[in-house]
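Here is a friendly briefing to read alongside the model.

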Amino acid sequence: MNVIEAFKNMSYGPAPENSDLVMEWLESHKKGFSLYINGEWVKPAKTQFFKSINPANGQVLGKVSQAGEKDIDKAVKAARNALPLWAKIGGHGRARCLYSLARLTQKHARKLAVLETLDNGKPIRETRDIDIPTVARHYYYHAGWAQLLESELPDHEALGVIGQIIPWNFPLLMTAWKIAPALAAGNCVVLKPAEFTSLSALMFAEICTEAGIPPGVINIVTGDGDTGSKLVSHPDVNKIAFTGSTDVGKIIKQQTAGTGKKLTLELGGKSPFIVFSDADLDSAVEGVVDAIWFNQGQVCCAGSRLLVQEAVSEQFIAKIKSRMETLRVGDPLDKSVDIGAIVDQSQRDRIESLVNQGVSEGAVLWQPSTPCPTSGCFYPPTLLTQVETSNIVASTEIFGPVLSVMTFRTQKEAIALANNTRYGLAASIWSENISRALDIAPQIKAGIIWINTTNQFDAACGFGGYKESGFGREGGIEGLLEYLKPKQNKALEKALILPTAKTITKKPKDGGDFPSINQTAKLYIGGKQCRPDGGNSLSILNANGAVAGLVGDGNRKDIRNAVEAAVKAESWGKATAHNRAQILYYIAENLSYRSEEFSERLCELTGQTKKQSQTEVEDSIERLFFYAAWADKYDGAVHQPPIKGVTLAMNEAIGIVGIVCPDSNPLLSFISMLAPVIAMGNRAIIIPSPAYPLVITDFYQILETSDVPAGVVNIVTGEKDGLAKVLADHNQVDGLWYHGSSIGSQMIEAASTGNLKRTWVNHGFARNWSSNSEGQGKEFLQQATQVKNIWIPYGDSI
Amino acid sequence: MKAKKTKTALKAANEPYNPGTDFNPDWISEIKINQSGVERRAGTLKNRRSLKKEWQAAWLLKAISCIDLTSLSGEDTPGRIKRLCAKAASPVRNDIIEDLGVSSLKLTTGAVCVYHVMVETAVEALKGTGIPVAAVSTGFPACMAPLETRLREIELSIAAGAEEIDIVISRRNVLCEDWPALYEEIQAYRSACGDAHMKTIISTGELATLNNVAKASMVCMMAGADFIKTSTGMESSNANLQVSLVMMRAIRRYNELTAYRVGFKPAGGISTAKDAIQYLVMIKEELGDSWLNPEMFRFGASSLLGDIERQLEHHLTSCYSASHRHALV
């Protein structure tokens, strides 16, 4: 091309980034990469390599080790052994280490960006301008937390050894998202990168050495899913942090069930991108580009479902099409390329097959006329219109550059469509009416809401999902807390396993025991006392072994009914916090009027002394006050990401929460769990203590006189673990708190994988409910809420 | 009046020049500009495209062809303006042009832009070059002169040989959101301009919001502007990529609504080759290749040319150039 021709056609021409330095680095590791364990490069026990390939041209970039069980064990041991020193160097020492990682990331920025582009296929613009700067930012931010930890979170401590498994879509960025908060909190890590994209983590390992990170604090083991599975199941790992697909997340939840390992999962999504007729349509089009054609659409929070208001849908789709014509697909190292290569042929095949299926189900496909390379692993930007909600491309995560378009008429319909998914990772709302946008943000069940922007990430802001998009947050204090535990919990874990509850006599009431109490407590569902579906009752014995009364023997249909009643009580979550506080105070007030009666009931059933019973009732009243007090004070935060704008971190209710009560302190333990759950706006399904359910059934009357709306609290008596299993299996139940045996705890965690409900189980450990340090506190509020981060950029003045 | 350069080009492309439309309030009320969205697009676009080697040289030459080489100073004299015109006619050293192999382009700047009193001098100096003279007008830069004298100024400049008139709008009409008044004002200028090429300076730095920028742009186009232009160069803030993006999108919208194409001229503060390429990239991305020519796009600039000359020399020699190696503007 000569200058004259270029002048006449005004084309861009090639603008390749130089990759010489990285190629030299790869050449120097030609023999294959070892594992990074205890600050050294260690050959795997069994020499086995797999190739890392540049998806843009098929070139083999290097050979990476497949770590096996022995290697994982070695890495976990190294991490375990490094913990004491890592604790000893203190917050400031750890801050220095994290600061070094931040600085060195910046110093090696170009090399890291080029390597990432070569290995993953994403455009150099993105690795250079987004991935790598965001990595550095993450280490800076968490250097700050390391520094502040001792003064700001003195009641917390590190978890120990963290196993971390990351995906291939943001290889180095996910390394930082995992390592930075873990280290800031004082943990040591074993990290496994994705097998398609291990190289930047290995270059990062060299940076760790350069930064003087103490040996064993960061260990990097490469391998495939099998390696990951071995890390998950290693007995000496205290927590697993996983980012990847929902399917694998569910397997990990199963694998860790009952082990006591803390777990955070950041999984898939099918995030809505909602455009109202009063939006800046041109800016919204650029939003779409950033939402679905960023990183070839291989982004868990990609705005893959465009919901556009009918009044502007035609105009908006026309604008998208003309914008798509200017997207440049090609060599990811070219600085003028917008869309690079798909990470692997298998992923490309998946995209193609889902698109074909979507078309066969009625979607209309449109792709721009701009060229797409025919060699290498590329897929053109794709628009699918006339997508109905039943179409596979409306519900299934494609993880590719494919946008599914649907239209809506009203705000209400937009919200309904937005929430019509198993996922709940992110949503983007476009409207110039900020009142409207802020009204919608809390109504969308997703962990991240972007108003008039999209795909923004920052270390200061929590990132993570609702529903089957996982749980736990990365970034912000909410992310840091995922790598900490209250120091208190150590005491909890030492306490004895619950004593076996008194045997329940299952014989039907025959009226033979004189004097019997003619009382048959029903179930409490939807604000009404109702008979159990099965028509059976259970006899409840008093402390002397005589029948104290009958309770309904609830079954799965009663649980179903209770959940339906809870669904209808959704407005509880929208009630003001002041309103919820008032009701909790009122419950306490009404309990105080009847404290004598409850205390007698406790004596009768449990055989505890009158004084003990009186104390338990008084403690219950105080606990109600405690959560009434918190109801309007458990505020969120305003994060300050580096944009002109703010991010609101709101503590939101989880939704419908099951509570399975222990036998110990039957009234107080019930109140201690119920109060924080409803204070935060959740609806509860209670399975009372199997030994003393009459205390709880007596409580109906207090609920009824305290203006608790129907369906907010539902109580189903019956066989504890059987009913708990039904709750765990129920896909409409969002959270489940279980206090019971270790076997029951495992069962609950394993059974809750269906919809990835948030579980909080005691692993068989007893809790001293009458102690304020164990029986109440912020941890209960954290467990009753999830954090939603709402990004609000602003400005209308030049 | 003779057919003007721009209009000839449009006719050649079988497109009518913009005759304007009736005042259409819906086209104003539908405008929604999200500033943070605009900032994001404007801020990232420059990193999404990169030009190297021959392409960079070609784009820089294109930039030169789009410059309205400008001198708007109280100190302007005929001597100074003659030098400006000579530079416009021969903007790049001959050996550079030859080494680039672009002699056949007969490269000149797009126009020369001066105050009314310098029009005659400039027209005389540019005789035979085909380079039009643009006159800033209508009480430039503040637009605070009586309407009568503003209109008269246009007529006088045209009579003196200006083929292009850069008018300024009354910012007060925008700040009071009196869009019909703005429309009437521009229409009056339009009819005073006759067949002359009318660029309307909306003075973005004094319009307070991007929404006002978009709305003022739309009103000016409805009233028959051939070009919309960002700034006088005298405001406290000059052209930038954000306001340019908003104005380009207004042009695109007007084109969708009417099929008429209106040109764009950012002015003030554009002084480096890198800046120039960013504007050209934005034009290509937002409006398309058919706007990448002096008929549809101009830079209002005085020092930009010097930096481009140095970059071109660097392209050829791989050695950084010095300003004294190029003819002074």
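Phe399(A) counts as buried, because it has 25 C-beta neighbours inside 10 Å (a residue is buried if 20 or more other C-beta atoms lie within 10 Å of its own, exposed if 12 or fewer, and partly exposed in between, with C-beta atoms placed from the backbone). This is a predicted model, in which local features need pLDDT of at least 70 and side-chain atom pairs count only at pLDDT 80 or more, while totals for chains, interfaces and linings use all residues. Residues are numbered from 1 along each chain as its sequence is written, and chains are lettered from A and ligands numbered from 1 in the order in which they are written.

**Backbone details in loops**

- Although Phe399(A) is not a glycine, it has a positive phi of about 60 degrees.
- Phe399(A) sits in the loop between helix H14 (392-395) and strand E15 (402-408) of chain A; helices (H or I, at least four residues) and strands (E, at least two) are DSSP runs, numbered from the N terminus.
- His763(A), also not a glycine, has a positive phi of about 50 degrees, and it lies in the loop between strand E31 (758-761) and helix H27 (772-775) of chain A.
- Because His763(A) has 18 C-beta neighbours inside 10 Å, it counts as partly exposed.
- In chain B, the peptide bond from Phe140(B) to Pro141(B) is cis, with omega near 5 degrees; Pro141(B) is found in the loop between strand E3 (133-136) and helix H8 (147-159).

**An enclosed strand in chain A**

- All 5 of the 5 residues of strand E16 (residues 426-430) of chain A are buried, so the strand is largely enclosed by the rest of the structure.
- Ala426(A), Ser428(A) and Trp430(A) point one way from E16(A), and Ala427(A) and Ile429(A) point the other way.
- In a regular strand the side chains alternate between the two faces of the sheet.
- E16(A) pairs in the parallel sense with strand E11 (residues 272-275) of chain A over 3 bridges (two strands pair if DSSP finds at least two bridges between them).
- E16(A) also pairs in the parallel sense with strand E17 (residues 448-451) of chain A, over 4 bridges, and the bridge partner of Ile429(A) in E17(A) is Ile451(A).
- From E16(A) the chain crosses through helix H16 (residues 434-440) of chain A to E17(A), a right-handed β-α-β crossover (with the strands pointing away from the viewer, the path from the first strand over the helix to the second runs clockwise).

**A helix with one buried face**

- Helix H19 (residues 556-568) of chain A has 13 residues and should span 18 Å at 1.5 Å a residue, which agrees with the 19 Å between its end C-alpha atoms (the expected span is 1.5 Å times one less than the number of residues).
- The buried residues of H19(A) are Asp558(A), Ile559(A), Ala562(A), Val563(A), Ala565(A) and Ala566(A).
- Seen down the axis of H19(A), these buried residues fall within an arc of 160 degrees, so they line one face of the helix (the arc is that of the directions from the helix axis to the C-beta atoms).

**The sheet in chain B**

- An open sheet of 8 strands in chain B has the order E7-E6-E5-E4-E3-E2-E1-E8, with parallel pairing.
- Strand E7 (263-265) and strand E8 (299-301) of chain B stand at the edges with a single partner strand each, so one side of each is left without a neighbour in the sheet.
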